[in-house]
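Have the model open while you read.

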Amino acid sequence: MSLSAKLKYKFMKDYGAPALMSLQGLKRRRSRPTPSAFGPPLESNARLKEILTRHYYLSRFVPGVKKVAWVTSGAPVELLRVFDFYTIYPENHSALVGAKKQGAEYCGIAEGDSFSQDLCSYARIDLGHMLSGKSPAGKLPKPDLLFCSNNICQTVLYWYKAISQELDIPLIHFDAPFVSDRQSEADIRYMAQQLQDMIPILEQVSGNVFYMSDLEAVLKRSQDSSRTWGNILKAMQAKPAPMTIFDAFGHLAPIVSLRGLPVAQDYYNILAEEIDDRVSKGIGAIRDEKYRLIWDNIAIWYKVRYLATFFAERKMNFVTATYTNAWAETIDHLNIKDPWNSMARTYGQIILNNNLKHRLGLMRRMIDDFSVDGMVMHSTRSCKPYSVGQYDLRKAISTSLNLPSVIIDADIADERVWSEQQIQTRLEAFCESLEDTNRG
Ligand code: SF4
């Protein structure tokens, strides 16, 4: 570890990052007012922005101070925290690029280097970033280690292999067998053993030693944060709901990319307090909430504002989503006294690694618990594991619950796939059918 890099990092942490935050606060105070279809914005938005900006800003100064790991959203990051890796989530970075409507540009760079347009846009954006060095966050630190799990999809394995080969750095893959019925004890043992086998390589890359007490502390923080996040989502059962799922897409970032760190837990405590306060005062995220909706699949990052406004103007609020729920759903499997097996249970059963029957049961419960009146499914070109089966799910749900529903075809971060006229026509027809069902 170089002394000058360490001093620079410490200076930026103590002075550079706070100065940047104050500047941002100033800009925010000058920002435009909220459109009238919405209730008052969440005050926690400011803190969220600070945390994420600080995370990306400090990452520029981290090489030479800490080892950097690039990690997939479903990987058991707690193990890396024990070794003090600075973690970067390419999926989160790609969502940021998508939200800034720069997805097509980054995807185009990867496609120009022979990566297929059929590849997930998170992967193409990340590869475009790797090939060009571009980033709306300024600059991302090069990884010393790649850590992925196929519990979300198989794409991540080939994507991370491509980076590993290009940059000549080690890749650790956590293999999670798909749960086609129930998770078997053999699968749990297989995953638990993999986690333990990772320790020597993590010690070697990081230069730090493993202590079980550190892992227990990280797991406890991770579980507390995920439970708090789950409680925040549950609070959206209130009428009116204190936030929209479009807000939740943003507030999800710390539980994805800072999970296991004290900053994530502190943040969710602040957000939970604000949400509880709004519930007790009857403050809704949109004005005059009339209909409550469920969202299925990942956000359409470049159209979050458009969709939020489209529905809020019609007094419709998304109060729950399978996507935001994913980082809270399996957390009760975690048992600090049995870390290896319980991590295998927690990470092996997440929604994208679980069967459609499970997803159907989950969605039915959500529709019931959150008093949902209608369902919007985003069939995304990028994410096959999330999109395959949606037509069957829709049929099963709409038929048994007589729930108006619509499927829209788009993409998570590649705005070239968005067809505004076609989607708007479908959404307007859906809104009419929702009104008709409730009139009848
Ligand atoms: S969006 Fe889907 S395909 Fe892309 S990385 Fe995530 S899980 Fe994999």
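1. Some housekeeping before the details. This is a predicted model, where local features need pLDDT of at least 70, side-chain atom pairs count only at pLDDT 80 or more, and totals for chains, interfaces and linings use all residues. Residues are numbered from 1 along each chain as its sequence is written.

2. Start with the sheet whose four strands come in the order 2-1-3-4; it is open, and the pairing is parallel. Strand 2 and strand 4 (171–174) are at the edges with a single partner strand each, so one side of each has no neighbour in the sheet. On average, neighbouring strands here are turned by 25° against each other, direction ignored. Strands and helices are DSSP runs numbered from the N terminus (E, at least two residues, for strands; H or I, at least four, for helices), and two strands count as paired if DSSP finds at least two bridges between them. Angles use lines fitted to C-alpha atoms, for helices over the stretch in contact, and run from 0 to 180 degrees between N-to-C directions.

3. Inside that sheet, three bridges link strand 1 and strand 3 (residues 145–149) in the parallel sense. Val71 has Phe147 of strand 3 as its bridge partner.

4. There is another open sheet of four strands, also with parallel pairing, in the order 6-5-7-8. Its edges are strand 6 (316–321) and strand 8 (405–410), each with a single partner strand, so one side of each lacks a neighbour in the sheet. Helix 19 (residues 390–401) lies across strand 5, strand 7 (374–380) and strand 8, at about 165° to strand 8.

5. Keep an eye on Leu293. Strand 5 (residues 291–296) runs parallel to strand 6 and is joined to it by five bridges, and Leu293 has Phe318 as its bridge partner there. Leu293 also touches, among others, Val319, Val372 and Met375 (C-beta atoms, placed from the backbone, within 7 Å; residues up to four places away in sequence are not counted).

6. Why is helix 4 (residues 90–99) largely enclosed by the rest of the structure? Because ten of its ten residues are buried, meaning 20 or more other C-beta atoms, placed from the backbone, lie within 10 Å of a residue's own. Those residues pack against several elements, including strand 1 (68–71), helix 6 (121–132) and helix 12. Just after helix 4, Lys101 has a positive phi of about 60°.

7. Pro254 sits in helix 12 (residues 253–257). Pro254 is buried, with 25 other C-beta atoms within 10 Å, and touches Ile51, Ala264 and Tyr267, leaving out residues up to four places away in sequence.

8. Which residues come nearest the ligand? Cys120, Ile152, Cys153, Thr155 and Cys383 do, out of 14 around it (near: C-beta atom, placed from the backbone, within 6 Å). Helix 7 (155–167) and helix 18 (384–387) each supply at least two residues of this shell.

Conventions:
Contact = placed C-beta atoms within 7 Å. Buried ≥ 20, exposed ≤ 12 C-beta atoms within 10 Å, placed from the backbone.
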